[in-house]
Amino acid sequence: MHNPRLAGRYAKSLLDLAIEKNQLDAVHADIRLLESVCKNNPDFVAMLKSPVINADKKDKLLEAITTGRVNNITTLFLRLLVSKTRENSLPEIVKAFIEQYNKLNNIYQVKVTTAVPMSNEL
């Protein structure tokens, strides 16, 4: 289910907590990892959205993927999503977090269209 308000609220909460704990860069790296997992594994996203798979199995799979690779804040956040049955919104939350992180750090995404290939210097 597409719910940008929910994704924005969860992303903001995670962003605020990461700032409060001085772990923003670490949490951002974790979110980038989760973004990569979601983009490269459509089966993973389908599993998160499946109502047939119970929360315990989803929690164990998320733990197996992230153990030793992500910050404690991110691990606890993922557990919160599963306990609140919001794990199906993880791809949206990841996207919203990255957008809010970029806005906070004045990072803008641009698209350049040229008639000729661009050099590295340009």
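## Surface and burial

The protein chain exposes about 8,400 Å², of which carbon and sulfur atoms supply 53%; accessible areas come from the Shrake-Rupley method with a 1.4 Å probe, and for residues only the protein chains shown count as cover. Of its 122 residues, 38% count as buried, where buried means under 20% relative accessible area, exposed over 50%, and partly exposed in between (1.4 Å probe, protein chains only).

## Basis of the model

This is a predicted model, in which local features need pLDDT of at least 70 and side-chain atom pairs count only at pLDDT 80 or more, while totals for chains, interfaces and linings use all residues. Residues are numbered from 1 along each chain as its sequence is written, and side-chain values use heavy atoms, with hydrogens and water left out.

## Fold and dimensions

The protein chain contains six helices and zero strands, so that its pattern along the sequence reads α-α-α-α-α-α; helices (H or I, at least four residues) and strands (E, at least two) are DSSP runs, numbered from the N terminus. Along its principal axes the C-alpha trace spans about 50 × 35 × 30 Å.

Among contacts in the protein chain with a separation of 6 or more, 70% come from residues 24 or more positions apart, a contact being heavy atoms within 4.5 Å.

## Charges

The protein chain carries 17 positive and 13 negative charges, whose mean positions are 6 Å apart. Lys and Arg count as positive and Asp and Glu as negative, without His and the chain ends, and each charge is placed at NZ of Lys, CZ of Arg, CG of Asp or CD of Glu.

## Residues with positive phi

Thr85, which is not a glycine, has a positive phi of about 50°; Thr85 lies in the loop between helix H5 (72–83) and helix H6 (90–104) and is exposed, with a relative accessible area of 55%.

Asn106, likewise not a glycine, has a positive phi of about 55°. Asn106 belongs to the segment after H6 and counts as exposed at 53% relative accessibility.

## A nonpolar patch

Tyr108, Val110, Val112, Met118 and Leu122 make a nonpolar surface patch of about 620 Å². Patches are made of residues with over 30% relative accessible area and no salt bridge, with like charges joined within 9 Å and nonpolar side chains (Val, Leu, Ile, Met, Phe, Trp, Tyr) within 5 Å; a salt bridge is a side-chain nitrogen of Lys or Arg within 4 Å of a carboxyl oxygen of Asp or Glu.
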